[in-house]
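Have it on screen while you read.

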Amino acid sequence: MEIPKEFNGEKVEIGEEKEEIDLSEDFDFNDNENMIQFKIVYWGPGESGKTTNFFRLREKFELLKLTRGYSIDTTEGRTLWEDSLYLLFKFTLNDIKYNIITHVVTCTGQERFLSTREYVLDGADGIIFVGDSSPEKIEQNKRSFRELISFTKSKNIPYLVQLNKRDLKNVIPVENFKAQLGLPLQETYPDGTSVVYPTVALQGENVINCFKDLILQIIFNYFQ
Ligand SMILES: Nc1nc2c(ncn2[C@@H]2O[C@H](COP(=O)(O)OP(=O)(O)OP(=O)(O)O)[C@@H](O)[C@H]2O)c(=O)[nH]1
Ligand SMILES: [Mg+2]
């Protein structure tokens with residue numbers, strides 16, 4: 001089964017089964033049937049850009065917010081506990097409409113708050129790992145990625161990997177980053193998702209694309 005790379009509310013065909021997914025950006029509050037709730041967690045080392053991803057999502061899906069969301073940080077702008085937001089989508093599969101409530105959270109990258117991260121990860125249906133492109137951050141990237149794998153390995157939760165801050169003057173080459181994290185060196189997985197999504201969260205580059213690819217993966221898991 002092949003997952004389409006992009007969708008913007010248009011109908012797309014999924015692999016050989018020719019199912020149609022139409023993930024439209026509206027929500028039916030009167031339709032209480034076929035309600036699904038997903039939780040997506042942004043994970044990664046300190047200051048890699050998780051909260052910045054979160055802000056870009058909140059802007060893009062301005063009209064789809066169920067709640068205003070909150071972002072709790074320390075005076076230095078570091079996430080203390082988590083950022084949290086609920087987004088609403090509607091999508092159709094085989095003529096059945098589903099209302100999807102997506103809970104988006106980011107955890108803190110600060111090493112001293114390890115125990116809160118495990119809590120934030122609880123019940124996750126999908127994860128986006130946000131890596132930092134600064135070459136000097138490679139050890140933090142590796143440590144955080146290993147931690148993520150150790151939390152999720154028995155649960156089989158899908159995750160996508162972002163390599164953020166591609167706008168910096170000095171960035172680690174994507175291939176090198178993949179090798180260091182033990183990721184496959186090819187560009188995409190057989191399902192069509194990228195092994196690494198290069199992003200500039202500050203400008204919102206590739207942020208939504210990565211988020212949507214993960215939502216699709218979660219939907220497929222759900223219906224399999
Ligand atoms: N140059 C550049 N800076 C970025 C980018 N994304 C985020 N930043 C900056 O990196 C710093 C940390 O960003 P946050 O989004 O707060 O990082 P975080 O991962 O939430 O950090 P913690 O919550 O402390 O773990 C901020 O100063 C951001 O403006 C990017 O794509 N490029
Ligand atoms: Mg943060």
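1. H1 (residues 50-60) packs against H5 (residues 207-223) at about 85 degrees, and the axes are 10 Å apart. Axes here are lines fitted to C-alpha atoms, for helices over the stretch in contact, with angles running from 0 to 180 degrees between N-to-C directions. That angle makes H1 roughly perpendicular to H5, a label for 65 to 115 degrees; under 35 is roughly parallel, over 145 roughly antiparallel, and the rest oblique. On the H1 side the contact uses Asn53, Arg56, Leu57 and Lys60, and on the H5 side Val207, Ile208 and Phe211 (contact: C-beta atoms, placed from the backbone, within 7 Å). By type, these residues of the H1 and H5 contact are four nonpolar, one polar and two charged; Ala, Val, Leu, Ile, Met, Phe, Trp, Tyr, Cys and Pro count as nonpolar, Asp, Glu, Lys and Arg as charged, and the others, Gly among them, as polar.

2. A word on what you are looking at. This is a predicted model, in which local features need pLDDT of at least 70 and side-chain atom pairs count only at pLDDT 80 or more, while totals for chains, interfaces and linings use all residues. Residues are numbered from 1 along each chain as its sequence is written, and chains are lettered from A and ligands numbered from 1 in the order in which they are written.

3. Now the overall layout. The protein has five helices and nine strands, taken as DSSP runs numbered from the N terminus (helices: H or I, at least four residues; strands: E, at least two). From the N terminus, the order is β-β-β-α-β-β-β-α-β-α-β-α-β-α. Of the 224 residues, 34% are buried (20 or more other C-beta atoms within 10 Å of a residue's own; 12 or fewer is exposed, in between is partly exposed, with C-beta atoms placed from the backbone). Among contacts with a separation of 6 or more, 68% join residues 24 or more positions apart.

4. Next, look at strand E8 (residues 159-164), where five of the six residues are buried. E8 pairs with E7 (residues 126-132) in the parallel sense over six bridges; pairing takes at least two DSSP bridges. Across that pair, isoleucine 128 faces leucine 160 of E8. E8 also runs parallel to E9 (residues 197-198), joined by two bridges, and there leucine 163 has proline 198 of E9 as its bridge partner.

5. How are these strands connected? E7, helix H3 (residues 138-152) and E8 form a right-handed β-α-β unit, and E8, helix H4 (residues 174-181) and E9 form a right-handed one too. Right-handed means that, with the strands pointing away from the viewer, the path from the first strand over the helix to the second runs clockwise.

6. Two backbone angles deserve a look. Most residues other than glycine have a negative phi. Glutamate 47, in the loop between E3 (35-43) and H1, has a phi near 65 degrees; it is buried because it has 20 C-beta neighbours inside 10 Å. Lysine 165, in the loop between E8 and H4, also has phi near 65 degrees. With 23 other C-beta atoms within 10 Å, lysine 165 is buried.

7. Finally, is asparagine 176 buried or exposed? Asparagine 176 sits in H4 and is exposed, because 12 other C-beta atoms lie within 10 Å.

Key: Contact = placed C-beta atoms within 7 Å.
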